[in-house]
Amino acid sequence: MPGRSDEIARQFELDRPRLRAVAYRILGSLGEADDALQDAWLRADRTDTSDVVNPSGWLTTVVARVCLNMLRARAGRREEPLEDVLPGSRSGPRSGPRPADPEEEAQLADSVGIALLIVLDTLGPAERLAFVLHDMFDVPFDDIAEMLAKTPAATRQLASRARRRVRGVPAPVADPPRRRRAVDAYLAATRGGDFDALVSLLHPDVVLRADAAVIPTPEPVTVSGMEPVARGAMASMARAQSAAVVLVDGLAGIATAVHGRLGVVLRFTFADDDRITGIDVVAEPERLNELDITGVS
């Protein structure tokens with residue numbers, strides 16, 4: 001590479017933690033973020049940078065463009081669920097980014113916010129890029145607009161729409177705070193493996209319905225009764241570590257994000273005493289795409 005290759009290489013190493021953070025928030029997957037950084041460096045190393053005025057900003061742009069291409073490539077397709085949600089469940093084959101350290105990925109997801117990653121995965125590539133770059137890393141809208149081949153005004157609108165989804169809206173009157181607390185308690189009991197606490201949240205006639213993509217099976221699965229449903233939830237302890245409470249069609253529910261991808265959504269119905277009477281577990285891509293998932297304000 002002519003000109004300033006050594007300077008760009010030094011700047012890339014200095015900026016690597018920030019560039020990795022940018023890539024992770026855009027892609028939601030540590031393995032994909034590392035792939036994006038490698039691709040970005042290969043592109044940067046092949047480019048004449050003699051006229052680059054701001055090497056740090058230029059490298060951010062290169063990484064963001066690589067991430068945008070990766071988002072667009074995966075738009076409209078979702079991976080199979082990765083972990084169990086019911087006893088005897090199994091995962092189908094999957095392809096994806098290089099494996100990342102699970103502990104590091106979990107810590108990073110917690111630091112960013114699992115609920116945020118879940119909502120980000122529901123955004124289109126342009127919305128996600130505009131929100132992450134501007135709201136999280138203070139990249140000017142003029143620079144983002146150039147990446148997206150849009151006007152700055154249109155880019156502002158993309159970020160604004162994304163911001164509204166991330167921040168969420170107040171839950172409607174039909175979903176009183178005590179039901180949100182019940183959903184919080186369900187997730188806490190599942191994460192902690194507290195079988196008795198989980199049973200106490202369930203109505204004796206509770207019914208769990210899981211679509212065919214959850215396990216996967218040829219047909220949807222139905223489980224009835226407090227203890228069988230609670231045992232099924234206990235089988236999803238690992239998945240629950242990557243779950244968060246979100247609004248699903250305006251009501252409190254639970255969603256999981258594994259490697260930054262929306263995987264499974266739980267919707268709840270309640271009896272008058274606020275015990276859970278129904279759990280609808282959704283994993284089929286077509287059904288997931290129909291759900292309106294936002295943050296909880």
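1. A crossing of two helices is left-handed if the near helix is turned anticlockwise from the far one by less than a right angle, and right-handed if clockwise. By this convention, H1 passes H6 in a right-handed crossing. The contact (heavy atoms within 4.5 Å) is made by Arg18, Ala21, Val22, Arg25, Ile26 and Leu27 of H1 and by Arg128, Leu129, Val132, Leu133, Met136 and Phe137 of H6. By class, the contact of H1 with H6 has nine nonpolar, no polar and three charged residues; Ala, Val, Leu, Ile, Met, Phe, Trp, Tyr, Cys and Pro count as nonpolar, Asp, Glu, Lys and Arg as charged, and the others, Gly among them, as polar.

2. The model is predicted: local features need pLDDT of at least 70 and side-chain atom pairs count only at pLDDT 80 or more, whereas totals for chains, interfaces and linings use all residues. Residues are numbered from 1 along each chain as its sequence is written, and side-chain values use heavy atoms, with hydrogens and water left out.

3. The geometry of the helix pair is as follows. The axes of helix H1 (residues 5-27) and helix H6 (residues 125-137) come within 9 Å and cross at roughly 140°. Axes are lines fitted to C-alpha atoms, for helices over the stretch in contact, and angles run from 0 to 180 degrees between N-to-C directions. H1 and H6 are therefore oblique to each other, given that angles under 35 degrees count as roughly parallel, over 145 as roughly antiparallel, 65 to 115 as roughly perpendicular and the rest as oblique.

4. The chain has 13 helices and seven strands, taken as DSSP runs numbered from the N terminus (helices H or I, at least four residues; strands E, at least two). Of its 297 residues, 48% are buried, meaning under 20% relative accessible area, with exposed over 50% and partly exposed in between (1.4 Å probe, protein chains only).

5. Pro55 belongs to helix H3 (residues 55-74) and is buried, at a relative accessible area of 11%. Its C-alpha atom is separated by 10.0 Å from that of Arg10, 45 residues apart along the chain.

6. Ile215 and Pro216 are joined by a cis peptide bond with omega of about -10°. Pro216 sits in the loop between strand E1 (202-210) and strand E2 (221-224).

7. Two residues call for a check of backbone geometry. Asp249, in the loop between strand E3 (243-248) and strand E4 (251-258), has a positive phi near 50° and is partly exposed at 41%. His259, in the loop between E4 and strand E5 (261-270), has a positive phi of about 55° and is partly exposed at 26%.
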